[in-house]
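Reader: I'm new to reading protein structures and would like to go through one with you. Can we look at it piece by piece?

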Amino acid sequence: SHAMLQATLKLCCGIAHDHLRHPPGKHCSPSPADLRGPAVQGSRRLPSQIPRCIRRLMGKETAARPEPSADLSHSRISSVDRSYVTQGERALQRALSILQHHASWQAETTLDAGATVISSAALPGLGKVFRAEVVLAVPVGRLQQELFEGMEQMPCWNPALSRVKVLQRVGTDTLVTHEVTAPSPGNLVGRRDFVSVRHQGRKETTVYLVGTAAHAEPSPSQEGCIRAESRLSCIVLQPLAGDPGRTRFTWLLSMDLKATTGPNLVFSLPKGWIPASVVNRVLPQSQADFIKHLRQHLSAAAHP
């Protein structure tokens, strides 16, 4: 039958192709191209070595396919994993839109003799977004390592966190994490924990590290904590013009700390209730504290 002919031809062509690449009696180590496997080589190289009449019989199965994205190259990636990557990419696009199109920022505070500037803006769908800006005396790659690849080590230098754990890695650019804040005397907010999707992207020399609440089956909350959500977090790492050893650090932050003043929440989660005015003081202060501890950590590492 026609179907059997197609199957036989494909099998024969595949054997012939393998025979040409590995002639009998010649044994050698695989080349780098062989080690890269079908994701790099793929079936798109085969049609040029197959007679045209056979390619017509094989039909659409030999047509070139678009290259998958780096984070989705594994053919068996689950729908849940795909959703994490999509969340991260959407958060990045949202952050880029804010950075490119929103210019009406209101000054909140200036710290370190003007070195750290924090401003804010009320944006649809996010509420109040805080933006921190500072220049750090380390290259982009070092900050990317500290804030993405090495984020489980953050509690070692940031006392506001008691635990950061990577729950899942999807490809090379997407993580699912669980962060738990540390108890501290006089903390007006109380302890919170977050389950977040973290995603990194690059545009030319600028690196973007985004985070947003993970939309998946909820993980059990840490005992003694209230589950909060990151609406949007985006850290932009840009090498300083003329001085690539220094980095312009810009951080957009919008969080839902579960501080809604509705009557139902007051009775169902009394320990979680805090006025919005307190939240609007706590978030920029947490950004300032994070930058301060990050500076100290980088300085200590540079001068052990």
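Reader: Which residues have the most contacts inside the largest nonpolar core?
Author: Keep in mind that this is a predicted model. Its largest nonpolar core has 34 residues. Those with the most contacts inside this core are Leu147, Leu237, Phe249, Phe290 and Leu294.

Reader: Which element gives the largest share of this core?
Author: The elements that give two or more residues to the core include the strands β3, β4, β7, β9 and β10. Helices α5 (140-149) and α7 (276-302) are on that list too. The largest share is seven residues, and the element they come from is α7.

Reader: What else is there apart from that core, and how many residues does it have?
Author: Another core lies apart from it, with Ala91, Leu96, Trp105 and Ala121 among its members. In general, nonpolar side chains in soluble globular proteins tend to be buried together. The size of this other core is 16 residues.

Reader: Back to Phe249: which residues are linked with it into a cluster by ring pairs?
Author: Leaving aside neighbours within four places in sequence, Phe249 is in contact with Leu147, Leu237, Phe290 and Leu294, among others. A search of the whole structure finds three aromatic pairs. Ring pairs link Phe249 into a cluster with Trp157, Trp251 and Phe290.

Reader: Is Leu298 buried or exposed?
Author: Leu298 has its place in helix α7. Not counting residues up to four places away in sequence, it touches Val138, Arg142, Leu143 and Glu146. The C-alpha atoms of Leu298 and Val138 are separated by 7.9 Å, though the two are 160 residues apart along the chain. Because its relative accessibility is 6%, and under 20% is the cut-off, Leu298 counts as buried.

Reader: Which residue's side chain does His178 join through a polar contact?
Author: His178 lies in strand β5 (residues 174-181), and it is buried, with a relative accessible area of 8%. Beyond four places in sequence, the residues it touches include Arg163, Val164, Asp193 and Gln222. A polar contact of 3.1 Å joins the side chain of His178 to that of Arg163.

Reader: Why does Thr212 count as buried?
Author: Thr212 sits in strand β7. Buried means under 20% relative accessible area. Thr212 counts as buried because its relative accessibility is 11%.

Reader: Let's zoom out: what percentage of the protein chain's residues count as buried?
Author: The protein chain has seven helices and ten strands. Among its contacts with a separation of 6 or more, residues 24 or more positions apart account for 57%. Of its 304 residues, the part that counts as buried is 38%.

Reader: And how much of the accessible surface belongs to carbon and sulfur atoms?
Author: The accessible surface of the protein chain comes to about 17700 Å². The part belonging to carbon and sulfur atoms is 56%.

Definitions and conventions:
Residues are numbered from 1 along each chain as its sequence is written. This is a predicted model: local features need pLDDT of at least 70, side-chain atom pairs count only at pLDDT 80 or more; totals for chains, interfaces and linings use all residues. Side-chain values use heavy atoms; hydrogens and water are left out. A nonpolar core is a set of buried Ala, Val, Leu, Ile, Met, Phe, Trp, Tyr and Cys residues joined through side-chain atoms within 4.5 Å. Buried means under 20% relative accessible area, exposed over 50%, partly exposed in between (1.4 Å probe, protein chains only). Helices (H or I, at least four residues) and strands (E, at least two) are DSSP runs, numbered from the N terminus. Contact means heavy atoms within 4.5 Å. Rings of Phe, Tyr and Trp (its six-membered ring) pair if their centres lie within 6.5 Å; planes under 30 degrees apart count as stacked, over 60 as edge-to-face and the rest as tilted. A polar contact is a pair of N or O atoms within 3.5 Å; within protein, one must be able to donate a hydrogen and the other to accept it, and residues adjacent in sequence count only if both atoms are side-chain atoms. Accessible areas come from the Shrake-Rupley method with a 1.4 Å probe; for residues, only the protein chains shown count as cover.
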